[in-house]
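Subject: Structure handover

Hello,

Please find the structure below, followed by notes on what turned up in it. Read them with the model open.

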Amino acid sequence: MMEATLRKETCQAVAQYILGVESVSEDVSIAIIEDTEYRLRQLLQESVKFMRNSKRTKLLPKDINSALRLENMEPIFGYSAPRRKQFRVVKSCPGLYVLDDDLVDLKRALDEPLPKAPFEPALEAHWLAVEGVQPAIWQNPLRDQLKDAKTTSESVPVEALKPLKHALSKEFQLLYDHVISILRDEDGEKKKACLRELARQPGIQQLVPYFTLYIHEEVRLYHNFTERLFSVMQLTRALITNPNIHIEPYLHQVMPSVLTCILGKKLCSSWMDPHWHLRDYSSSVLGFIYKHFGPNYATLQTRVTKTLISALLDEKRPLSTRYGAIVGLVSLGVCEVQICLMPHLPYLSQQTEAELHRSDLEDERKLSLAKIYGALILAAHVCLKQNEMKGIDSEVSRNEDSDDYQETNIYTIHIETCRSFDTEEKNRILSFVPKFDSLVEVLYEQFGDSMFPTVSNYF
Amino acid sequence: MPNDQDTFLFRFVLEYLQRKGYKGAAEALRNALVSEVSEDFHNPSLDMDDQVRNFLEFFLYVREEEKGLLEDYGKIYRWIDGCLEVIRVELGQLTYPLLVYLYLDLIRRERYEESLKLLDEWAPKFFEQSIRDELFSLKGVRRKEQLSENPVAQLYLKHRREIFVSQYAFELLCDFLVEHRLTCIFRCIMEHFHVRLEKDSQVIVSEDLKSSIGFFPQKEFEELQKNEIHWKPLKESDYVVQEQDSQLESHTTLEGNALDSNEEHPSISLPKYPLGSAMLETEDDKLRRVSLGGVEALPSSLMYTFSNTYDEMNCVDISVDGSVIVAGFDDSFIRFWDGKECGQYRLVGGKPLIGHCGSIYSVSLSPCGRFFLSSSEDGTVRLWSTKLERDLVVYRGHLFPVWSVEFSPLSHYFVSGGHDRLGRLWTTDRIFPLRLFGGHYSDVEVMRWHPNCCYVASGSSDRTCRLWDLRNGNSVRLLGPHSASVCSLVFSNDGKKLVIGLENGQIEFWDIVQGRRMSRVEGHKGPVWCLDVSKDDMFFVSGSSDCFIHLWNAQSLDSSLQSTLSRDQILVKSFQTKDSAVYCARFSRKNLLLVAGVAL
């Protein structure tokens with residue numbers, strides 16, 4: 001800051017190029033430049049006062065403008081856009097910085113839809129401390145993020161702890177009972193709010209073992225009640241997506257329940273129940289676990305894929321299990337689909353299609369077959385889509401955020417995109433990706449035109 | 001026949017005249033001397049007293065153009081840096097002001113290039129932020145004409161710098177100056193410094209010396225120190241209407257001192273309220289007040305986090321019961337939230353209040369929560385009603401942005417301070433100010449009421465605080481120098497202590513009765529935006545842009561006789577917010593800590 005000084009050449013350059021004055025004598029330019037510098041410093045001093053009284057620690061263009069107004073000068077417009085402008089270094093001339101000044105097409109700017117209005121300032125009240133102790137709620141910083149201002153110098157002596165009986169305080173017991181009763185009985189807003197809190201509160205760490213036990217028990221006891229299982233899966237999802245708790249030690253208890261909800265033989269009391277949704281939703285949960293904890297949890301990924309493939313290839317398993325295996329694999333990611341599912345795809349689809357065209361089918365079986373066929377198309381489409389737009393990860397993860405029952409249909413996005421294709425479109429894609437010609441050829445051979453526009457017919 | 005010494009003196013005078021260019025006078029003197037003195041001038045006697053000779057020789061070498069001023073300063077800087085430790089601390093006071101005065105002298109004599117060189121070479125040697133700020137401002141002065149415009153230069157030129165040194169150190173300095181013939185530096189010291197010799201060789205060596213490097217009007221500080229402060233808090237009878245008194249509000253004039261029954265404690269006339277009024281603490285407040293103290297009884301804290309403010313929110317105030325929250329914004333909007341219904345805060349009226357035509361820089365709620373004041377960039381203060389959801393009065397007086405406004409503890413009066421370097425006292429029922437408080441050299445950044453309503457404190461960006469007596473409008477204390485601009489202030493409820501929060505995160509604790517600093521601590525890593533004190537004077541609380549809230553033990557300040565307490569000795573507890581800069585912190589009447597912050 002101290003070294004910032006203007007040079008007299010600046011004055012001459014400004015005079016020449018901006019004001020059109022041919023020559024400015026040395027004395028004059030020195031006098032002008034010194035005065036300019038003085039004014040700049042004055043301006044800076046005043047604008048810092050505006051910054052300070054706006055309780056900011058960063059000087060903004062509007063502070064400079066306020067200082068200019070204070071000195072009865074015209075403010076400089078055009079720099080106080082909400083999007084912060086960055087100065088760029090000019091490569092050929094070190095020490096020179098410029099602002100990006102893009103040309104804007106006026107017509108296009110006028111035609112563009114208006115940008116979204118910013119949110120209104122909002123106020124939220126919460127406890128920062130209760131009798132000097134900061135409660136573990138998500139509005140407060142987490143314990144391990146706390147930079148304690150008082151640095152304790154003495155090191156904590158390491159002690160080997162004896163196994164302790166886990167004692168749960170009365171408040172936690174009440175909370176647990178309350179949460180469980182809401183999950184079991186309520187629906188709608190209250191349940192949503194409950195799940196939302198479970199997905200972000202750091203304070204429930206104590207309850208995690210109890211919740212995992214609950215999940216395990218519920219799935220074991222009520223594997224015919226689709227609604228109930230769905231609630232359990234929602235709870236699982238909330239717990240694993242909570243960034244503020246550690247659930248890794250309990251994953252081994254959760255995984256079997258999730259896999260059961262995907263692959264279970266009969267997850268319903270009647271075949272009309274929406275157990276397909278349950279399988280879709282559970283597989284999205286599985287996908288989340290697979291992607292987030294897989295890298296750090298040895299053998300998780302191999303165990304999951306093994307389980308799914310064996311379920312898929314076992315002819316004796318019921319159709320619902322095989323359907324679950326397919327959507328499960330799809331949820332794991334493109335790589336897994338290509339490696340594990342693709343080799344079996346032609347065989348599976350031929351078999352399914354052949355059976356589907358038989359006329360003497362029961363409704364239940366027909367629906368199951370259609371579902372499987374749809375899942376296969378989805379898998380194929382995931383591959384195709386991935387290859388088409390290389391590197392852009394837009395797959396299944398997209399519907400991870402939806403908690404809602406109805407929106408969990410894993411195909412929603414894909415069907416929409418499939419519908420938009422027609423034959424020309426398909427050919428266009430083919431021409432775009434000659435490298436994957438062979439893949440598309442294989443897929444096309446299996447599904448024919450139905451691969452693109454007619455997927456919805458089967459649903 | 002003149003003796004040897006006279007001869008020497010004559011020679012000296014003659015040379016002086018010649019150098020100064022008084023040719024006529026010199027010729028006349030020479031002629032006069034020639035007739036009387038036969039000796040050769042150029043043969044001075046050798047048996048003269050050594051010291052006198054040295055001194056005169058020294059003056060003989062006064063050249064009109066001191067070329068090597070840069071080297072001279074370097075010499076003295078290195079000499080001071082290398083001398084004994086005791087003396088180095090004493091003479092260390094000299095180095096920075098000397099640099100400033102030499103620089104200003106060079107400018108005054110229009111030797112611009114040298115001045116620039118001087119500053120370029122020596123300014124980087126000083127690291128303290130306050131000095132950097134001053135030097136930055138001074139460096140802008142490049143022409144003689146600008147000297148009169150620059151406030152910092154004016155401060156230095158108009159005031160003599162006081163330094164306190166021991167006899168011994170000063171002798172050493174003089175010897176050094178004479179020996180190395182540093183005439184210009186000697187002259188600069190004579191002209192601009194007021195050297196105070198202390199008998200004791202051990203001058204009080206404390207950090208105060210170091211901090212006083214920036215400008216500080218020492219003389220005024222000492223004069224104001226003599227004033228007496230009536231720090232005692234108000235008695236209940238001062239503001240409570242007795243049963244037989246049917247009048248609600250008595251006098252609104254400021255002259256009515258005689259009417260006050262309280263003789264030993266004269267005050268401005270105060271509004272009176274019946275017991276149980278919303279303005280006053282109720283019995284319930286007192287009964288249900290949480291008693292705090294030490295590490296065992298820490299306060300509970302309720303945090304109000306604002307989101308979606310986009311760096312636009314400038315100020316916020318919380319009512320004493322936490323039910324009303326007012327916030328002022330950059331786009332001249334004011335929003336206020338009401339939380340009377342089951343803890344759900346709703347934006348009153350559903351839309352912002354509009355009245356000002358400039359950024360809002362300060363808001364202050366009245367104790368009853370029914371009114372609030374706002375101050376703005378447009379130079380006005382407005383009074384608003386929370387019931388009517390609109391503004392009631394505009395107070396015009398300030399010419400430039402008003403940085404700070406605060407209701408008095410009993411409502412009715414309020415003070416404001418702003419860019420025009422003045423503080424003003426107002427009553428809500430008059431649209432012109434009752435008092436002007438002038439004396440700061442820079443913007444008045446923050447104003448705060450003394451709990452007994454007789455004084456207000458003002459903090460300024462000239463790195464000082466002042467205490468003003470409302471009865472006569474005089475400044476009664478000058479507190480400083482601080483190391484940075486003042487951002488926040490608070491008085492303890494017993495009226496004796498003043499806590500000052502600075503822009504560089506330091507917090508200073510002052511005893512206003514004695515006018516001395518009790519402690520200074522490195523409190524935060526960012527500017528201290530807010531300060532408050534618990535109702536029973538157990539804790540001070542400070543909040544800052546570094547997302548921390550610190551609780552400081554107010555009691556240990558009293559009990560300790562040490563001049564300085566370390567940070568660990570008085571810091572009781574820290575709360576960290578989740579990336580929210582803390583804008584406002586205050587204790588409710590029941591000692592609940594209310595905090596407002598903005599999510600970054």
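Glu389(B) is partly exposed, with a relative accessible area of 34%; buried means under 20% relative accessible area, exposed over 50%, and partly exposed in between (1.4 Å probe, protein chains only). Glu389(B) sits in the loop of chain B between strand S11 (380-385) and strand S12 (390-396). Helices (H or I, at least four residues) and strands (E, at least two) are DSSP runs, numbered from the N terminus. The phi of Glu389(B) is near 60 degrees, a positive value in a residue other than glycine. Most residues other than glycine have a negative phi. Ser411(B) also has a positive phi, near 65 degrees, and is not a glycine. Ser411(B) belongs to the loop between strand S13 (402-407) and strand S14 (413-418) of chain B. Ser411(B) is buried, at a relative accessible area of 5%.

**How to read the model**

This is a predicted model, in which local features need pLDDT of at least 70 and side-chain atom pairs count only at pLDDT 80 or more, while totals for chains, interfaces and linings use all residues. Residues are numbered from 1 along each chain as its sequence is written, chains are lettered from A and ligands numbered from 1 in the order in which they are written, and side-chain values use heavy atoms, with hydrogens and water left out.

**The two chains**

Chain A has 18 helices and 3 strands. Of its 459 residues, 41% are buried. Its accessible surface is about 26900 Å², with 56% belonging to carbon and sulfur atoms; accessible areas come from the Shrake-Rupley method with a 1.4 Å probe, and for residues only the protein chains shown count as cover.

Chain B has 16 helices and 30 strands. Buried residues account for 58% of its 600 residues. Chain B exposes about 25900 Å², and carbon and sulfur atoms supply 50% of that.

Contact means heavy atoms within 4.5 Å. In chain A, 65% of the contacts between residues at least 6 apart in sequence join residues at least 24 apart. In chain B, residues 24 or more positions apart account for 56% of the contacts with a separation of 6 or more.

Arg477(B) lies in strand S20 (residues 475-479). Arg477(B) is buried but has no salt bridge, and the nearest side chain of opposite charge, Asp511(B), is 7.3 Å away. A salt bridge is a side-chain nitrogen of Lys or Arg within 4 Å of a carboxyl oxygen of Asp or Glu; Lys and Arg count as positive and Asp and Glu as negative, with His and the chain ends not counted. The side chain of Arg477(B) reaches the backbone oxygen of Gln225(B) at 3.4 Å. Leaving aside neighbours within four places in sequence, the contacts of Arg477(B) include Leu224(B), Asn227(B), Cys465(B) and Gly515(B).

Arg142(B) lies in the loop between helix H7 (129-139) and helix H8 (151-158) of chain B. Arg142(B) counts as buried, at 9% relative accessibility. Its side chain makes a polar contact with the side chain of Glu37(A) at 3.4 Å. A polar contact is a pair of N or O atoms within 3.5 Å; within protein, one must be able to donate a hydrogen and the other to accept it, and residues adjacent in sequence count only if both atoms are side-chain atoms.

Regards
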